[in-house]
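Dear colleague,

I am handing over the structure we spoke about, and it is shown directly below. My notes on what was found in it follow after that.

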Amino acid sequence: MHERLVDAFQPELIEIHDDSALHAGHAGAREGGGHYRLRIVSSAFAGQGTVARHRMIYQALGDMMKKDIHALAIKANTAEEATTQPT
């Protein structure tokens, strides 16, 4: 996941937290998909709304969204937004 996102967005900041253990026994977890939180800061998001940013991330992750990732909480900002919004 990290490599694909770095390749796609050349982020200034990327944090990926694996919350899968918190969802043990959940249907998606039983099928092998993990639960993750992503914080990413990149100029690639400039001029894009929240939905477009999420779509960009889903596209970069490609087939991982179908098998490796069951749930992904996303916080995607530009550098300017990251300095003015709470984390």
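A residue is called buried here when its relative accessible area is under 20%, and exposed when that area is over 50%. Please keep in mind that this is a predicted model.

By that definition, the buried residues of α3 are Arg53, Ile57 and Leu61, and they lie on the same side of α3 because they cover an arc of only 75° around the axis. Residues three or four places apart in an α-helix point the same way, since there are 3.6 residues a turn. The cover over the buried residues of α3 includes α1, β2, α4, β3 and α5, whereas the face turned away from the buried side carries the exposed residues Val51, Arg55 and Gln59. The 12 residues of α3 should span 16 Å at 1.5 Å a residue, and the end C-alpha atoms are 17 Å apart, which agrees. After α3 comes Gly62, with a positive phi near 50°.

A search of the whole structure gave 1 aromatic pair, formed by Phe9 and Phe45, which is tilted, with 5.2 Å centre to centre and 35° between the planes. Because Phe9 lies in helix α1 and Phe45 in the loop between β2 and α3, the pair ties together parts that are 36 residues apart in sequence. Phe9 counts as buried at 5% relative accessibility, and Phe45 likewise at 0%.

Finally, Asp19, in the loop between β1 and α2, is buried with a relative accessible area of 14%; its side chain is joined to that of Arg37 by a polar contact of 2.7 Å.

Best regards

How values were computed
Residues are numbered from 1 along each chain as its sequence is written. This is a predicted model: local features need pLDDT of at least 70, side-chain atom pairs count only at pLDDT 80 or more; totals for chains, interfaces and linings use all residues. Side-chain values use heavy atoms; hydrogens and water are left out. Rings of Phe, Tyr and Trp (its six-membered ring) pair if their centres lie within 6.5 Å; planes under 30 degrees apart count as stacked, over 60 as edge-to-face and the rest as tilted. Helices (H or I, at least four residues) and strands (E, at least two) are DSSP runs, numbered from the N terminus. Buried means under 20% relative accessible area, exposed over 50%, partly exposed in between (1.4 Å probe, protein chains only). A polar contact is a pair of N or O atoms within 3.5 Å; within protein, one must be able to donate a hydrogen and the other to accept it, and residues adjacent in sequence count only if both atoms are side-chain atoms. The expected span of a helix is 1.5 Å times one less than its number of residues. The arc is that of the directions from the helix axis to the C-beta atoms. Contact means heavy atoms within 4.5 Å.
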